[in-house]
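Thanks for making time this morning. I would like to walk you through one model, so please have the sequence and the structure open as I speak.

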Amino acid sequence: MSSFTLRRFTPEDLYHVIRINRKCLPENYSESFFMQLYRSYPESFLVAVEDDKIVGYIMCRVEGGFLGTERRGHVISIAVMPDYRRRGIAWALMIEALRAMYDVRSAKTCYLEVRVSNYAAINLYRKLGFKITRRIKGYYLDGEDAYVMERPLPLEEELLRSVEGVYQRP
Ligand code: ACO
Ligand code: ZN
């Protein structure tokens, strides 16, 4: 077993998650935005806990599904604190959130946007089977382009097995 565990976000975690978001990413959100995602999609708003602290989070939304359109999972934001990186925490957060969006919401695909310069994140998503589907010019406030990356759901057994016994499931 690894030294981290995953669990669902709870409202008492709000300020910790906001702190991690501000430290790790230029894309920041209002308190009400975090809470709205928690209230609407609690199964895919997860935190990673280690040393009795929250060290990472992922939050998602499931879009579509009206009038027979396909449900699409959308990873809104993921981050892991610098001292806790390269130990599989983001991998675990992604696997559990993608699993939940399929199991709980029947999402048939999942997508996200990522800065074209964000090599670490792009590499993580590629390893999870995401493919670049398009590039959005000037998507970010500072003018940088985004790649949209997407993969079908559910995850393959091999990916699900990669986290078996690694941590306590949320
Ligand atoms: N360089 C190259 N590949 C990397 C890197 C890196 N720095 N970090 C992760 N990867 C790839 C590797 O393939 C890695 O497997 P390996 O360690 O066996 O080689 C795999 O991803 C899994 O890595 P994890 O250890 O699970 O990733 P980590 O917990 O370190 O978190 C993250 C990765 C979330 C991108 C982290 O670096 C971070 O918080 N960065 C700042 C915030 C950020 O960029 N978030 C994503 C924005 S896009 C969005 O939110 C939709
Ligand atoms: Zn997005």
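**A buried serine, the sheet and the ligand**

Let me begin with Ser44, which counts as buried because its relative accessibility is 0%. Please keep in mind throughout that what we are looking at is a predicted model. Ser44 sits in the loop that leads from helix H2, residues 31–40, to strand E2, and, leaving aside residues up to four places away in sequence, Ser44 touches Ile58, Met59, Cys60, Ala97 and Met101. To give a sense of distance, Val17 is 27 residues from Ser44 in sequence, and the two C-alpha atoms are 14 Å apart in space.

From there, let us turn to the strands. Strand E3, residues 53–63, has 9 of its 11 residues buried, so it is largely enclosed by the rest of the structure. On one side of the pairing list we have strand E2, residues 46–50, which runs antiparallel to E3 and is joined to it by 5 bridges, with Ala48 standing opposite Gly56. The hairpin that E2 and E3 form has 2 residues between the strands, and in this hairpin Asp51 takes a positive phi near 50°. E3 is also joined, again antiparallel, to strand E4, residues 72–80, through 8 bridges, and there Arg61 has His74 as its bridge partner.

Which residues, then, touch the most other members of the largest nonpolar core? That core holds 58 residues, and the ones in question are Ile58, Leu93, Met94, Tyr125 and Phe130. Helix H3, residues 89–105, gives the most to this core, contributing 9 residues. As general background, nonpolar side chains in soluble globular proteins tend to be buried together.

Finally, the ligand. Ligand 1 is surrounded by 23 residues, of which Ile78, Arg86, Gly88, Asn118 and Asn123 are the closest. A polar backbone atom of Arg87 is 3.1 Å from an oxygen atom of the ligand, while Lys127 places a polar side-chain atom 3.0 Å from an oxygen atom of ligand 1. Taken on its own, ligand 1 has 970 Å² of accessible area, and the protein covers 82% of that.

Conventions
Residues numbered from 1 in each chain as written. Chains lettered and ligands numbered in written order. Predicted model: local features only at pLDDT ≥ 70, side-chain atom pairs only at ≥ 80, totals over all residues. Heavy atoms only, no water. Core = buried A, V, L, I, M, F, W, Y, C linked by side-chain atoms within 4.5 Å. Buried < 20%, exposed > 50% of the residue type's maximum accessible area, 1.4 Å probe, protein only. Helix = DSSP H or I, 4+ residues; strand = E, 2+ residues; numbered from the N terminus. Near = heavy atom within 4 Å. Polar contact = N/O pair within 3.5 Å; in protein donor to acceptor, adjacent residues only side chain to side chain. Areas by Shrake-Rupley, 256 points an atom, 1.4 Å probe, with all protein chains shown as cover. Pairing = 2+ DSSP bridges. Contact = heavy atoms within 4.5 Å.
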